[in-house]
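Me: I have not looked at this one before. Can you walk me through a few parts of it?

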Amino acid sequence: MNRTVKNIAIIVIISSLLGFIYNVFNPSGIPLIREEQKVSYLNEEDLHNPTEGVEAALRAIKVDQAYQLYQQGIQFIDARDDWDFADGHIEGAINIPEFSFEPDNENLKQLDKDYRYVIYCGGDDCDTSKRLASELMKLGFSDIIIFLDGYEVWLNNNYPVEVTNAE
Amino acid sequence: MLNKLFSNQYLVTIFRIIFALIFLFAGIEKAANPDDFAVAISNYRILPYFSVNFFAIILAWIEVIAGILLLFGVKTKENISLLNSLLILFTIMILIAVVRGLNIDCGCFGTKYAQEVGLLKISENIVTILIGFVVYKFHKYSIPFLK
């Protein structure tokens, strides 16, 4: 084999090994195999009962249940970035972009950790809302629900949306 | 004629240093925040989800190690080939993301220095690739700091 290619292979292998070793000892190391965060859909009963502190999976709902909660006045949180939010979001939702999430986020400070919140993002296959949910739960929010189908489906169902007026 | 311009020791060495520093900086940011980097990779929706952590570690550390070696001029040809090939690959991925309409952070320098995927980012990368190509082609002229 060409000597240059062989040397490149050696560099790649040694770098990778160093990386894996570092990862073992790194307190913020990551698992080699990344697992999807498990999501479990709530049925009608679960929806009306306050959470029992079920940690195992993230709690999700479908669009009709989301609309129910919307009508009950539950606060929705939009996890997308501020551009998408301004272009159109679920009426009454507040924006906490997961992308630039900090525990001392302004909007966050005003929220009561014991209240129920519904988090959503753009559409299906969207991890952003799952990640924001995990982050909030880590901070002690006890009743977080994810509207996994997201803004797209809400819009398709002609449920109420609003845009942010440019100042 | 361009050959004359680029076969200057100092020019090639400076290009090598610039290229190496870019990758060293990028690599350290990613190696220090592997989870964020893994998330950035998953946003491209190309690699299978379960594998992104694995690649996050490998890519970050290749950038760091190859970056250091390149900075000192150790095995310049190997390291510039490796890093420039990676850069070309990344740029293709960014192009694919743009074509698919993904509105994501490129993950190039970690989440602290976020840059959106787009034509600007692709252009920046092309400039860097060209610098890398000069270093590759004229690597014999670069001045190593270590053997």
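Me: How do the axes of helix H4 and helix H5 of chain B cross?
Reply: The axes of H4 (residues 52-71) and H5 (residues 76-100) of chain B come within 9 Å and cross at roughly 140°. Axes are lines fitted to C-alpha atoms, for helices over the stretch in contact, with angles from 0 to 180 degrees between N-to-C directions. Helices (H or I, at least four residues) and strands (E, at least two) are DSSP runs, numbered from the N terminus.

Me: Before we go on, what sort of model is it?
Reply: It is a predicted model, where local features need pLDDT of at least 70 and side-chain atom pairs count only at pLDDT 80 or more, while totals for chains, interfaces and linings use all residues. Residues are numbered from 1 along each chain as its sequence is written, chains are lettered from A and ligands numbered from 1 in the order written, and side-chain values use heavy atoms, leaving out hydrogens and water.

Me: Back to the pair. Which residues of H4(B) and H5(B) meet?
Reply: From H4(B), they include B:Leu59, B:Ile62 and B:Glu63, and from H5(B), B:Leu83, B:Leu86 and B:Phe90 are among them. Contact means heavy atoms within 4.5 Å.

Me: And B:Glu63, buried or exposed?
Reply: B:Glu63 has 0% relative accessibility, so it counts as buried. Buried means under 20% relative accessible area, exposed over 50%, and partly exposed in between (1.4 Å probe, protein chains only).

Me: What does B:Glu63 touch?
Reply: Leaving aside residues up to four places away in sequence, B:Glu63 touches B:Phe23, B:Leu24, B:Ala26, B:Gly27, B:Lys30, B:Leu83 and B:Phe90.

Me: Switching to chain A. How many residues of strand E6 are buried?
Reply: In E6(A) (residues 116-120), 5 of 5 are buried. A:Arg116, A:Val118 and A:Tyr120 lie on one side, with A:Tyr117 and A:Ile119 on the other.

Me: Why two sides?
Reply: In a regular strand the side chains alternate between the two faces of the sheet.

Me: Which strands pair with E6(A)?
Reply: E3(A) (residues 75-78) pairs with E6(A) in the parallel sense over 4 bridges, and A:Gln75 has A:Tyr117 as its bridge partner. E7(A) (residues 143-147) also runs parallel to E6(A), joined by 5 bridges; there A:Tyr120 stands opposite A:Phe147. Strands pair if DSSP finds at least two bridges between them.

Me: What about E7(A), how many of its residues are buried?
Reply: 5 of the 5 residues of E7(A) are buried, so the strand is largely enclosed by the rest of the structure. E2(A) (residues 58-61) pairs with E7(A) in the parallel sense over 2 bridges, and A:Ala60 stands opposite A:Ile146.
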